[in-house]
Amino acid sequence: MKIIVPVKRVIDYNVKVRVKADGSGVDLANVKMSMNPFDEIAVEQAIRLKESGAASEVVVVSIGVKQAQEVLRTALAMGADRAILISAAEDVHDDIEPLTVAKLLKAVIDSEAPQLVIAGKQAIDNDMGATGQMLAALLGWGQATFASELTVADGRARVTREVDGGLQTIEVDLPAIVTADLRLNEPRYASLPNIMKAKKKPLEEKTAADLGVDITPRLKVLETEEPAARKAGVKVHSVAELVEKLKTEAGVL
């Protein structure tokens, strides 16, 4: 069984994001970039399936600027077998829309013919959370989103997913799309020997034109601004004072 894992290059989750002075977007100058954390979880799960014998090959795919090679090499160092980079942007500030990403991934999947796609449930930069679902619709495959557990056997994927009421377990026939949630696993650190080996693993480069996909954006960002600063809290000296403030100031009672 072949598994494809899409990975995205985003601002590292430890970095404090700065908005440009003109509000046109996020400042990426001299900012540390890394693999999207949910995608890292997806890569780890694919590698675990390969180690257990359920999968034979793990292919990672990234779409965007050429610098995305960095995250592909990270995935290869973790244990993926090969990588595909689809160059679809020249400027690091250009974000490829989810529908375009889904169309590009579909073109890769049509060529690679995997039995399973494991993706992160969302990217931490734009929080769209839509690519996996769009890809399933384009392919006509079953989907299991927000997976916190995943097992594969007998041509089916058994997925436990987190819902508002607790946990829901479903089964989908392969081929299928699964999107990884935070509690699916804890990704491994790439060892130095594996980092060195990753440099020799195959990394194929393609363009959106090679795949016949129009990447013209349909959305336009009008303005980006930082969230409003939280007001300082106050201490109350009695329950009666608390109730009064909830009534008159917070307006929740």
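1. Buried means under 20% relative accessible area, exposed means over 50%, and partly exposed lies in between (1.4 Å probe, protein chains only). At 0% relative accessibility, Val 59 counts as buried. Val 59 belongs to strand β4 (residues 57-64). Helices (H or I, at least four residues) and strands (E, at least two) are DSSP runs, numbered from the N terminus.

2. On provenance: this is a predicted model, in which local features need pLDDT of at least 70 and side-chain atom pairs count only at pLDDT 80 or more, while totals for chains, interfaces and linings use all residues. Residues are numbered from 1 along each chain as its sequence is written, and side-chain values use heavy atoms, with hydrogens and water left out.

3. Overall layout. The protein has 6 helices and 11 strands. Its C-alpha trace spans about 65 × 45 × 40 Å along the principal axes. Of the 253 residues, 41% count as buried. Contact means heavy atoms within 4.5 Å. Among contacts between residues at least 6 apart in sequence, 71% join residues at least 24 apart.

4. Which residues touch the most other members of the largest nonpolar core? They are Ile 3, Val 5, Val 43, Leu 49, Val 60, Ile 118 and Leu 150, in a core of 38 residues. A nonpolar core is a set of buried Ala, Val, Leu, Ile, Met, Phe, Trp, Tyr and Cys residues joined through side-chain atoms within 4.5 Å.

5. Contacts of Ile 3 and Val 59. Leaving aside neighbours within four places in sequence, Ile 3 is in contact with Ala 46, Leu 49, Ala 55, Glu 57, Val 58, Val 59, Leu 116 and Ile 118. Val 59 and Ala 157 are 98 residues apart in sequence, and their C-alpha atoms are 18 Å apart.

6. Gln 45 is found in helix α1. Gln 45 is buried, with a relative accessible area of 7%. Not counting residues up to four places away in sequence, Gln 45 touches Ile 118, Leu 150, Leu 184 and Asn 185. In α2, the buried residues include Val 71, Leu 72, Ala 75, Leu 76, Ala 77 and Met 78. Just after α2, Gly 79 takes a positive phi of about 140°.

7. Strand pairing around β7. Two strands pair if DSSP finds at least two bridges between them. Strand β7 (residues 142-153) pairs with strand β10 (residues 176-180) in the parallel sense, over 4 bridges. There, Gln 143 has Ile 177 of β10 as its bridge partner. With strand β8 (residues 156-163), β7 pairs in the antiparallel sense, over 6 bridges. Ala 153 stands opposite Arg 156 in β8.

8. Backbone points to check. Most residues other than glycine have a negative phi, and most peptide bonds are trans. The hairpin of β7 and β8 has 2 residues between the strands, and Asp 154 takes a positive phi near 55° there. Asp 154 is exposed, with a relative accessible area of 79%. Asp 127 also has a positive phi, near 55°. Asp 127 sits in the loop between β6 (116-120) and α4 (131-139), and is partly exposed at 46% relative accessible area. The peptide bond from Leu 174 to Pro 175 is cis, with omega near 5°. Pro 175 is in the loop between β9 (166-173) and β10.

9. The loop at Arg 18. Arg 18 is found between β2 (9-11) and β3 (33-35). At 40% relative accessibility, Arg 18 counts as partly exposed. Not counting residues up to four places away in sequence, Arg 18 touches Val 26, Asp 27, Ala 29 and Val 31. The C-alpha atoms of Arg 18 and Ala 29 are separated by 9.8 Å, at 11 residues apart along the chain.

10. Which residues lie nearest the centre of the second largest pocket? Of the 19 lining residues, they are Tyr 13, Glu 40, Pro 187, Arg 188 and Tyr 189. The elements that give two or more residues to this lining are β3, α1 (37-51) and α2 (69-78). On a 1 Å grid over the protein atoms alone, a pocket is an open set of points where a 1.4 Å probe fits, with protein on both sides within 12 Å along at least five of seven lines; lining residues have an atom within 4 Å of a point.
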